[in-house]
Amino acid sequence: MFLYNLTLQRATGITHAIHGNFSGTKQQEIVVSRGKILELLRPDGNTGKVHTLLTMEVFGIIRSLMAFRLTGGTKDYVVVGSDSGRIVILEYQPSKNMFEKVHQETFGKSGCRRIVPGQFLAVDPKGRAVMIGAIEKQKLVYILNRDAAARLTISSPLEAHKANTLVYHVVGVDVGFENPMFACLEMDYEEADNDPTGEAAANTQQTLTFYELDLGLNHVVRKYSEALEEHGNFLITVPGGSDGPSGVLICSENYITYKNFGDQPDIRCPIPRRRNDLDDPERGMIFVCSATHKTKSMFFFLAQTEQGDIFKVTLETDEEMVTEIRMKYFDTIPVATAMCVLKTGFLFVSSEFGNHYLYQIAHLGDDDDEPEFSSAMPLEEGDTFFFQPRPLKNLVLVDEQENLSPIMSCQIADLANEDTPQLYVSCGRGPRSTLRVLRHGLEVSEMAVSELPGNPNAVWTVKRHVEDEFDAYIIVSFVNATLVLSIGETVEEVTDSGFLGTTPTLSCSLLGEDALVQVYPDGIRHIRADKRVNEWKTPGKKTIVRCAVNQRQVVIALTGGELVYFEMDPSGQLNEYTERKEMSADVVCMSLANVPPGEQRSRFLAVGLADNTVRIISLDPSDCLQPLSMQALPAQPESLCIVEMGGVEKQEELGEKGTIERLALSTCRTPAPATWALAQRAAERVVPPCPSQVLAMSSRSWLSYSYQSRFHLTPLSYETLEYASGFASEQCPEGIVAISTNTLRILALEKLGAVFNQVAFPLQYTPRKFVIHPETNSLVLIETDHNAYTEATKAQRKQQMAEEMVEAAGEDERELAAEMAAAFLNENLPEAIFGAPKAGSGQWASLVRLVSPIQGSTLDLVQLEQNEAAFSVAVCRFGGDDWYVLVGVARDMILNPRSVAGGYIYTYRLAGGGEKLEFVHKTAVEDVPLAISPFQGRVLVGVGKLLRVYDLGKKKLLRKCENKHVPNMVTGIYTIGQRVVVSDIQESLFWVRYKRNENQLIIFADDTHPRWVTTACLLDYDTMATADKFGNISIVRLPPNTSDDVDEDPTGNKALWDRGLLNGASQKAEVIVNYHVGETVLSLQKTTLIPGGSESLVYTTLSGGIGILVPFTSHEDHDFFQHLEMHMRSEFPPLCGRDHLSFRSYYFPVKNVIDGDLCEQFNSMDPHKQKSVAEELDRTPPEVSKKLEDIRTRYAF
């Protein structure tokens, strides 16, 4: 079995975000890392929308990112610390839209190791040096400079190692142009290691250490080190030199402290807390991320706490000395992994979980009535300030980027009866969790919809002048009339445009610089800019049936298949070509390409005839109207369109059955067709809405476009359109105007490149698993949160706090306290933004929810008691007709060290037509039931490490049979016939046979490797696909001679050598596929993604990625892609310096999988490299691209 890996949707969770001017212009851009992907984003200053400029897979783990600019430079470079054992400096080339590796310096082994640098990066704010550090011991400093040609140079590394030292964070200190300085949060564990009593470990303090790079002596010295009182978690650089006082802010538990060299005393300020917080009061509070904003005259920091509250931090200085830290509550947004304040007044926030946001900073919060806290205010040690959280005041949300991370579970099924299956994805964490329905398609935003007096049959847009940026008229054609609308602030009907309104229009266009042409059944109307009109009438009884127009040419087909050709002369007059051409059959469709820049005319005309052929006809003066080539089609063509896509002229055509074919028009060779089945209904029209995009209208509309050097063909998630045209106005620069029945719609497509469009339904806690009820199609979801309160406990805690507030008040303040208590009970801040209260470890909240998949409405909801955590769910039948939902619940579970007070299996009957959960009974079990699966009219349950069969009883479930030989813990149960495959938490898979007569469960085979299985999927009777928590996917298969008819040996007196290998089962499974995805995979499913497509294995990852593994159908395909992958590895090595083969073999050597993500980078290589690789494969570059596209469209999108 050979598989090909394809990513359908790249990971969406962001781990690092930095900002700067990477393209060298004044525009601010953001570079984000999504695990193993680097992405360049540009927020549009006018609209506030975030556009993706470039996405690159780096085939390595990005551990740190920094923006870096040489002194006096205007362009930022990107410094990447990864698991490759190399430091890499990248430069963005806007002309090629590529990241280029400027430098790659090797310093250590690959992999994420304790003592190999890569985890921490710090740059000198003046752009002279960069430090790269490991978690332990090693730190290297590189000096960066420029040579005579102004190119970036890098020195050899200078060491700043210190053994037995753990590093928590590193930053560059802003010292102006003094010697560069780096500050580290460190901890020395040497004494703790050598002291067996454990006293030294308890007394070890964290230190703040400054390292100075002496540019004169060219080495690094430890300048200064001091012990810290609190445990710090990160540092913030304070601007220095002429801009500020220099030094660092240390963010630690409950405090933020300013430190600097010399006589500067430490300034310390407590972190304010929320008033009347439901959190455990003993819990400390820390800052989790920060952003700095600096202008010529001032600077401030925005720091976010782990509850999501942002504080604006400023420093008061007196002659270079800092006298106080001031903090002011700014706003509350979801907890972020990184924040970037852009010079354009935006705040980019990459959320830890859930969608990412771009906010406009509307106010700096200086003049509001929010109290300001200062380090100078007198406070008792251990006391802090209190503030009241509120909805957004200083920030305004302008854009939102959808983020699926983390995907907890996913099921693929066509529950909405749409032919194409939907992906039902439960994702998110805590109160920001959602259930999302993903459909293949582009999201369409409706700009305007207006009704028309009848059902139109076509629509076009035209400009007044060729130089105009925006369109001037929308022309709508009806059966017996033409309506002309002018585009301004609004769209209104006009009558003086020169168009003939009493006839239907076949086509219209801008002709030459500023004239318009209208083609209607009885003739051609040429309207000059000064409203003079020239008409050409059809001869005799003939009428025009089809036409094709562009900026300089008009071709019409008269009844009977006669072609007439007109071309514009230099004076702007339309001249008819002397000859006419008779075609052999009726013309059913025709198309002209746009005139290429710098040329007089388009050289080709495409004509579709009723005899199921398409002809290409030359319009060159030397052989005008001579046929050049012909392509036979399986059915009569409906519509044609010639566009230039990605540098190659392509011609799209539509057949009757809803297929779209793409032919490459080349000046010398015959076209190579590509076909897609589009829909059941005959496809109707193809129009280019924008240059190099083609929209095909069928029962769904499909857009084909080239994006980031890859060709996409995506349906629009919108109702059926009948005709469409490109549209440009000030409000909507790149839109589509379309007609659907009797309405005119103006649409915009903003999320090009997206494969799925999403509908999200909010949930209350983290969704763990869900199952689909086979008859009603509703979803049964379990949601569980650790460190959380149930609604009942929350209400109880609030009541208790309100009573305490009243009791604590004195006699005279009773009334006021009662009012405050009432206000506190009434206030309800949405937890999705303000976070849920943290209850402390060992506290669990959980519920079972029944959801309708189409409306997303909750049909029924059962809240479990405090400290009951649901971990597994199944829908099954016990012999009768009733459906039951079984939920496995743990009671009082403590994660570390692991302990549990017991478990339950709750049984609910699905009543009311499957819309109500009716409690039947609960069955106590001795451990956590982590897996439940229906099995032959009974149910299999994994209780801790026991595998049991239960049947339904009156008062509880009845135990029928058990197996005690799974070593650690059953995490998944998969059944097929009499066989059961059980996944263990760390020992991979066990094959179990149920013997009905003896009522025994017997293990008859297992795996040879330990695997920490997160999910598995049955591929066939002998084959299982598994994924583990380290990001590998493996497929294991039982050898053909495996017998599942084994007897267990209860007496233990079998010969020792018969006992099996290493106490395992006597038969072992073979590994047939190993592949490292690089992200933890949490769901696997074998399914077809497109109607009529072949089956593939779909996986979803914790970071929000969705990918598929597809089998090769022929040896020659496999051979071709194997060679392509081999050439790509050598010609186009990964950006961050990791070796592709060793990345894909991180834990197990890669076996029988070819990486499609690497192969698809072929399209983004230099053309001459493409050519050399293609020649090695005996192909041309377009043929290679074509094969890449074919394998993609055969299985997915």
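# Notebook: looking around a predicted model

**Helix H3.** I began with helix H3, residues 791-808: at 1.5 Å a residue its 18 residues should span 26 Å, and the end C-alpha atoms are 26 Å apart, which agrees. The expected span here is 1.5 Å times one less than the number of residues. Helices (H or I, at least four residues) and strands (E, at least two) are DSSP runs, numbered from the N terminus.

**Ground rules.** I am reading a predicted model, where local features need pLDDT of at least 70 and side-chain atom pairs count only at pLDDT 80 or more, while totals for chains, interfaces and linings use all residues. Residues are numbered from 1 along each chain as its sequence is written, and side-chain values use heavy atoms, with hydrogens and water left out.

**Back to H3.** Which residues of H3 are buried? I noted Thr 793, Lys 794, Lys 798, Met 801, Ala 802 and Met 805. Buried means under 20% relative accessible area, exposed over 50%, and partly exposed in between (1.4 Å probe, protein chains only). An α-helix has 3.6 residues a turn, so residues three or four places apart point the same way. I then looked for the cover over the buried residues of H3, and it includes helix H4 (814-826) and helix H5 (831-834).

**Cores.** I looked up the largest nonpolar core next, and it has 61 residues. Tyr 4, Leu 38, Phe 99, Phe 1121 and Leu 1124 have the most contacts inside it. A second, separate core has 28 residues, among them Ile 475, Phe 478, Ile 739 and Ile 746. A nonpolar core is a set of buried Ala, Val, Leu, Ile, Met, Phe, Trp, Tyr and Cys residues joined through side-chain atoms within 4.5 Å.

**Ala 17.** I found Ala 17 in strand E2 (residues 16-20). Ala 17 is buried, at 12% relative accessible area. What does Ala 17 touch, leaving out residues up to four places away in sequence? My list reads Ile 30, Val 31, Val 32, Ala 338, Cys 340, Phe 348 and Ser 350. Contact means heavy atoms within 4.5 Å. From Ala 17 to Leu 38 I count 21 residues in sequence and 9.9 Å in space, C-alpha to C-alpha.

Most residues other than glycine have a negative phi, and most peptide bonds are trans. I went looking for exceptions.

- The bond from Ser 405 to Pro 406 is cis, with omega near -10°. Pro 406 sits in the loop between strand E33 (395-401) and strand E34 (407-413).
- Asn 896 and Pro 897 are also joined by a cis peptide bond, with omega about -10°. I place Pro 897 in the loop between strand E72 (883-891) and strand E73 (902-911).
- Asn 218 is not a glycine, yet its phi is positive, about 60°. It lies in the loop between strand E17 (206-214) and strand E18 (219-227), and is partly exposed at 41% relative accessible area.
- Ser 246 is not a glycine either, and its phi is about 65°. Its loop runs between strand E19 (232-237) and strand E20 (248-252). Buried or exposed is Ser 246? At 10% relative accessibility, I put it down as buried.

**Glu 915.** I looked here last, in the loop between E73 and strand E74 (916-925). Glu 915 is partly exposed, with a relative accessible area of 45%. Not counting residues up to four places away in sequence, Glu 915 touches Leu 850, Leu 859 and Asp 860. Asn 145 is 770 residues from Glu 915 along the chain, and their C-alpha atoms are separated by 69 Å.
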